[in-house]
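Q: I would like to go through the ring contacts and the backbone of this model. Could we begin with charges over aromatic faces?

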Amino acid sequence: MPTRPEGVYQDSSGGWYFKVTIGRDALTGRREQVTRRGFRTAREAARARRDLLTQKDTGRIRPSPALLSVNELLDLYLDGIDADGVPGVKTRYDYRNQADAYVRPWLGERKVRDVTPEMILTWQRKLATAGNSRSGKPLAPNTIRLARAPLAGAFKLAVSIGMVAVSPVALTPRPKSRRSIPKHWSPEQAREFLALMDGDRTYPVWAFLLGSGLRIGELVWLRWPNVDLERGLVRVVEFATALGHDLVASGGKSRDSVRTIDLDPGLIRVLRGQRKLQSEEQLAAASYEETEYVFTKPDGGSYHPQYLSKLLGTYTAELGLPRLTAHGLRHTCATLMLANGVPAKVAAERLGHADPTLFTNLYSHVTPTMQRDAATKIGEALFGSPATGNGHE
C-alpha cells in the first residue's frame with residue numbers, strides 16, 4: 001500500500017485534503033493552520049500543499065494579523081510611513097532608532113493581541129530603571145516619551161485596520177516630564193565668550209547664533225542669496241537635519257520655520273567680516289570648494305552641525321565657561337530677548353516657534369524679571385518716578 005503524503009488526508013466521502021501550519025503563537029503554542037479540500041487524488045492534494053508551503057517560505061502568504069508580533073507590526077508601520085513620506089525624514093529616522101533601541105528588545109517578540117496596558121506600564125518602568133538592553137542606563141521621562149512614539153503609531157495602525165479594538169499604548173499614561181530650565185548663558189557670560197573668541201575664524205558662527213537665534217541646522221545651510229546686507233534682512237528657507245552623520249534637507253521644525261529676520265548693525269558687521277574672510281581663504285587655498293554657504297570651513301564647503309556643537313563644547317571648557325551646545329546659544333538668544341523686553345510673540349517669531357504660548361512656558365524662568373519691570377513701569381505711570389518725588393506719601 002503506497003505511503004500517504006505528509007499532511008494529506010482522505011475524508012469520509014473519498015476526497016482528499018491537506019493541512020499546513022503557517023504560524024505558531026510563541027507564547028501559547030497555538031498553531032494557525034490552513035486546510036484545503038476538494039482534491040480528487042492524494043497526489044493533487046500533495047502538489048497543492050507543496051505550492052502553499054513555497055508561498056509561505058517566500059513570504060507570499062503570512063500568518064493572520066492575530067498572530068503578528070510587535071516586531072512585525074512595527075515593520076508594517078515604519079515601512080508605511082517611509083512610503084508615505086510623513087512625518088518628516090528626521091522623525092522617521094528617529095522612530096526606527098527608538099524602536100530598535102527601546103521597543104524591540106523588550107516587547108518585540110510579544111504578540112500584538114497579547115499586549116496590555118499593564119505590559120506597557122511595566123515596559124516604561126523597566127526603561128526608567130534599566131534603560132535599553134545595551135547600555136543599562138536609566139532613561140529620563142522625556143526619552144521614554146520619545147520611545148513610546150513609534151509604538152503608539154504602530155498600535156494606532158493596528159486599531160485602524162481592525163487588528164485590535166483599542167490601543168494599549170493610548171490607555172497607558174505617559175511618564176511625567178521633568179520641568180527643566182534650558183541651559184543658557186547670562187548676558188555677561190555671552191559677552192565674555194564673544195570677547196575671548198574675537199579674532200578666531202569661527203567667531204562669526206558663534207556671534208551669529210547668539211544674535212540671530214537660528215537653529216544650527218538653519219545656520220549651516222544659510223546661503224548668501226538669502227542675505228540682504230543693505231536692508232539688514234536674512235531669509236531662513238533651507239534646513240539641514242542630521243541622519244547619523246549624513247545631512248539631508250528637511251521642512252523645518254515647525255510651520256513657522258520659514259521666516260525673515262532683521263539684522264542689527266552688529267550682525268551686519270559680523271556677516272560683512274565673514275564674507276571678507278571667505279574671499280581671503282579662497283585666494284589663499286590651494287584647493288577650495290566654492291559654495292553659496294555663508295558659514296564655511298577653511299577650504300570651503302558647509303559645516304556639519306555635530307562638528308560645530310562639539311567644537312563649541314571644547315571652546316567653552318577651555319575658556320572656563322559653562323558648557324553649552326550650539327542649541328544652548330539659541331536658548332541664550334531667547335532669554336536675552338525676553339529679559340530685555342522683547343514681547344514673547346515677537347521673540348517666538350524670530351526663533352521660528354510655532355506656538356508663542358509654548359515658547360513662553362519654555363522660558364518662564366525669565367518672566368519674574370519681566371514681571372518686576374512691568375510692575376515698576378506701571379507704578380511710574382500711575383504714581384510717578386520715585387526720583388521725581390511725584391508720588392503721594
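A: This is a predicted model. In it, Arg275 lies over the face of Trp224, at 5.5 Å from the ring centre.

Q: And which ring does Arg37 lie over?
A: Arg37 is placed over the face of Tyr17, and its distance from the ring centre is 4.1 Å.

Q: Turning to ring pairs, how many aromatic pairs does a search of the whole structure find?
A: The search finds 7 aromatic pairs. One of them is formed by Trp185 and Phe193, with ring centres 4.9 Å apart and planes at 45°, so this pair is tilted.

Q: Are Trp185 and Phe193 buried or exposed?
A: Both Trp185 and Phe193 are buried.

Q: What about the rings of Trp206 and Tyr315?
A: Their centres are 6.4 Å apart and their planes stand at 90°, so the pair is edge-to-face, the angle being over 60 degrees. The pair links distant parts of the chain, 109 residues apart: Trp206 belongs to helix H7 (residues 203-212) and Tyr315 to helix H10 (residues 305-319).

Q: Why does Tyr315 count as buried?
A: Its relative accessibility is 16%, and buried means under 20%, so Tyr315 qualifies. Trp206 is buried as well, with a relative accessible area of 0%.

Q: Which residues form one aromatic cluster?
A: Trp185, Phe193, Trp206 and Tyr315 form one cluster.

Q: Now the backbone. Where is the place of Pro87?
A: Pro87 is in the loop between helix H2 (70-84) and helix H3 (89-107). A cis peptide bond joins Val86 to Pro87, with omega about 0°. Most peptide bonds are trans.

Technical notes: Residues numbered from 1 in each chain as written. Predicted model: local features only at pLDDT ≥ 70, side-chain atom pairs only at ≥ 80, totals over all residues. Heavy atoms only, no water. Helix = DSSP H or I, 4+ residues; strand = E, 2+ residues; numbered from the N terminus. Phe/Tyr/Trp six-rings, centres within 6.5 Å; stacked < 30°, edge-to-face > 60°. Buried < 20%, exposed > 50% of the residue type's maximum accessible area, 1.4 Å probe, protein only. Lys NZ or Arg CZ within 6 Å of the ring centre and 35° of its normal.
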